Amino acid sequence: MSKLIGPFKEIITLAKTPDKGSLDDSKLDIIKNAGVLVEEEKILKVGNFEALRGSADTVEEVIGEHVLLPGLVDCHTHLVWGGTRARDYTLRMSGESYEKILEQGGGIFDSVEKTRAASSEELKAGLIKRASRHLNDGVTTIEVKSGYGLDVENELKVLEVVKNAKADIAADLIPTCLAAHVCPKEFADKKEFLTYLERELLPQLMVKGLTSRIDIFVEPSAFPVEMAKDYLAAAKKLGFDLTVHADQFHTGGSQIAVELGARSADHLEASTEKEVALLAKSDTVAVALPGASIGLGMQFTPAWKLLDAGASLAISTDWNPGSGPMGDLLVQASILGIYEKLSSAEIFSGITFRAAKALGLNDRGKIAAGMKADMIAFPVNDYREILYNQGKIKPDMVWKNGKHI
Ligand code: NIG
Ligand code: FE
């Protein structure tokens with residue numbers, strides 16, 4: 001049974017928009033007065049609404065003027081945590097640094113303590129609450145990292161929570177294991193901790209169907225470059241896809257991400273020309289996290305330079321209790337756009353198919369035949385209204401796998 005959805009004033013299809021490099025707005029591939037023909041979970045055809053009527057079994061009429069976009073993809077979040085870090089944020093507002101708070105045993109360690117103490121039910125309720133808000137805001141695919149467990153038992157607990165939550169939310173949750181977030185207090189030696197993860201945790205993740213993705217925080221205060229490289233190489237050998245918290249305060253992480261063929265290198269606030277050039281030449285997606293820059297009061301990822309050099313740029317929230325408590329993808333992408341001088345095509349690509357690419361997914365993020373029917377409609381009559389309103393206008397309709405939710 002095919003279903004025609006529409007009419008829409010404009011559909012931003014991104015159908016032929018390239019994976020890499022800078023884009024002008026002709027690359028939005030806009031179709032006016034258009035509809036989408038959907039069958040089951042997939043898009044069959046996109047085109048003039050009236051012309052498509054004849055080929056549809058049913059019609060889902062959209063009332064009022066709308067602009068349709070692909071469902072948004074948030075390729076980097078830490079949505080499972082216990083407690084709050086309001087205390088950290090208040091300290092940071094009065095000038096204390098993120099790294100100093102961590103060094104003194106607060107920051108990530110605080111969330112680890114609260115997450116370990118929380119029950120699976122509590123953690124799941126928090127995850128569903130945040131993911132539901134995201135879905136309402138049009139985010140139909142959400143990556144979710146562990147990383148506040150930091151031992152086998154608690155990392156498994158968190159990843160099981162993500163697995164169990166999938167049945168309760170229409171958005172796709174894509175889990176990633178970030179057990180190598182920082183070295184927990186029980187281990188005096190970072191290398192020893194990584195060896196423990198390699199031997200005791202990683203082999204269980206695939207067998208239990210918990211995740212096929214491994215992340216690490218590469219930073220002197222977390223894990224140094226060479227040690228991280230060995231850990232990532234071992235994970236790759238076991239068959240995992242890789243992603244890296246790279247160049248947030250110091251460089252080094254993005255280089256090993258590129259060398260090991262990671263799907264993405266995320267953060268990059270400290271990346272210099274050298275790292276920009278390496279990323280641009282590679283197939284590793286550069287992920288900007290404006291929410292972390294805003295949450296820490298620091299510079300943005302050099303998004304414009306990355307695009308200009310030819311990189312693939314995704315934009316993501318980094319939603320987490322510490323550095324990125326806001327969790328609003330559209331607000332953050334709009335703000336990054338105006339500071340970094342990005343085109344609408346670069347921003348929309350960064351929060352749709354380029355973010356999907358960072359997750360190794362090529363079945364979503366464009367409104368084109370064969371793609372998943374994940375779509376969001378904004379109550380505006382011109383696409384430029386969306387970013388101009390800086391995230392204040394949210395979609396008023398969301399379809400996931402062809403179903404209006
Ligand atoms: O991506 N930088 C490392 N990890 C997270 C923050 C985690 C936290 O502060 O709780 C990030 O910013
Ligand atoms: Fe992060």
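A salt bridge is a side-chain nitrogen of Lys or Arg within 4 Å of a carboxyl oxygen of Asp or Glu. This is a predicted model, in which local features need pLDDT of at least 70, side-chain atom pairs count only at pLDDT 80 or more, and totals for chains, interfaces and linings use all residues. Residues are numbered from 1 along each chain as its sequence is written, and side-chain values use heavy atoms, with hydrogens and water left out.

View 1. Along the principal axes, the C-alpha atoms fill a box of roughly 70 × 45 × 45 Å. A compact globule of 405 residues would have a radius of gyration near 22 Å, and the chain, with 21 Å, agrees. That radius is taken over C-alpha atoms, and the globule rule is 2.2 Å times the number of residues to the power 0.38. Domain 1 covers 2-70 + 365-404, and domain 2 covers 73-358. These bounds come from an automatic or database domain assignment.

**View 2. Where domain 1 meets domain 2.** The C-alpha centres of the two domains lie 29 Å apart. Their contact (heavy atoms within 4.5 Å) takes 32 residues from domain 1 and 30 residues from domain 2. About 2,600 Å² is buried between them, and carbon and sulfur atoms give 64% of that area. Buried area is the accessible area (1.4 Å probe) that two parts lose on being put together, summed over both. Lys 20, Leu 387 and Lys 400 supply 25% of the area that domain 1 buries against domain 2, more than any other three residues.

**View 3. Salt bridges across the interface.** How many salt bridges does the rule find across the interface of domain 1 and domain 2? There are two. Asp 172 forms a salt bridge with Lys 400. The closest N and O atoms of this pair are 2.7 Å apart.

View 4. The structure holds 25 salt bridges. One of them joins the side chains of Glu 60 and Lys 3, at 3.1 Å from N to O. Glu 60 lies in strand β4 (residues 58-61) and Lys 3 in strand β1 (residues 2-12), so the pair ties together parts that are 57 residues apart in sequence. Side chains of opposite charge can pair when their charged atoms come close.

Terms used:
Chains lettered and ligands numbered in written order. Helix = DSSP H or I, 4+ residues; strand = E, 2+ residues; numbered from the N terminus.
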